[in-house]
Amino acid sequence: MTPFGLPGKRALVVGIANGQSIAYGVARALKAAGADLAVTWLNAKAEPHVRPLAAELGAAIALPLDVASPTEEDALFAAIAERWGGLDILVHSVAFAPGGDLHGRLVDSSPEGFATAVDVSVHSFLRLARRAEPMMPPGSACLTMSFYGARRVVAHYNLMGPVKAALEASVRALAVEFGPRDVTVNAISPGTIATRAAGGIDRFDEMMTAAAARAPLGRLATIDDVGAAAVFLCSPGARAITGTTLHVDAGFHVTA
């Protein structure tokens, strides 16, 4: 095995919505590196968009998964156990906040909206990691997706800033808990990327233009850039990296 190859690794990628999804870029890169894939779609509405991508990727397992449904989690991990008997890579690329709470001030967010955002965007990662943990041999990896707004106040990101901060804190805690099993836990913080989920953020086009102008590389990162970073973090070459958030944003995070 090369330091950055993944031949024969079994990878679950959660969060593909369409061909512009960060999760799709990650899945495509993992497949190119030699991994076998399991992918999910949110619901019946999303299935027609994701199932063809699953077929294109040659996914061995393709099932629905609403992360709020324990029954669907049960079915997914039962299928993984039956088909593979284990899991080497978990990729969580799921985030959501109710529109009314996302578009308003943080201080005005409802208890229900805040709780939903944390449950879907953060605790779902913990739930999936808990399911995956007993199936993961030494050398496995867990990944999730954060954003610059976890560390700095980003205009119009509102409620999701504290939520992503909680996600990054959870990555650090899980890294300590999973470390004795030789399982790494990391986050990737992509820059501003035009995805379906990001379209729910107010004035997102302005955010993309400003980010490209400020980034040292003079551009935005792509889903393929994120995919390449994910392959690295899941590969033998990154076995000593855990509990970190890797910025893949064309250098935007270093600018003032």
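Tutor: Asp 119 is partly exposed, with a relative accessible area of 28%, on a scale where buried means under 20%, exposed over 50% and partly exposed in between, computed with a 1.4 Å probe on protein chains only. Its side chain meets that of Arg 127 in a salt bridge at 2.9 Å, N to O, the term being used for a side-chain nitrogen of Lys or Arg within 4 Å of a carboxyl oxygen of Asp or Glu. Arg 127, at 12% relative accessibility, counts as buried. Both residues belong to a network of salt bridges that also links Glu 73, Asp 74 and Arg 131.

This is a predicted model, in which local features need pLDDT of at least 70 and side-chain atom pairs count only at pLDDT 80 or more, while totals for chains, interfaces and linings use all residues. Residues are numbered from 1 along each chain as its sequence is written, and side-chain values use heavy atoms, with hydrogens and water left out.

Across the whole structure, the search finds 11 salt bridges. One of them joins Asp 224 to Arg 28, with the closest N and O atoms 2.5 Å apart. Because Asp 224 lies in helix α8 (residues 223–234) and Arg 28 in helix α1 (residues 22–32), this pair ties together parts that are 196 residues apart in sequence; helices here are DSSP runs of H or I with at least four residues, strands are runs of E with at least two, and both are numbered from the N terminus. Asp 224 is partly exposed at 43%, and Arg 28 is partly exposed at 31%.
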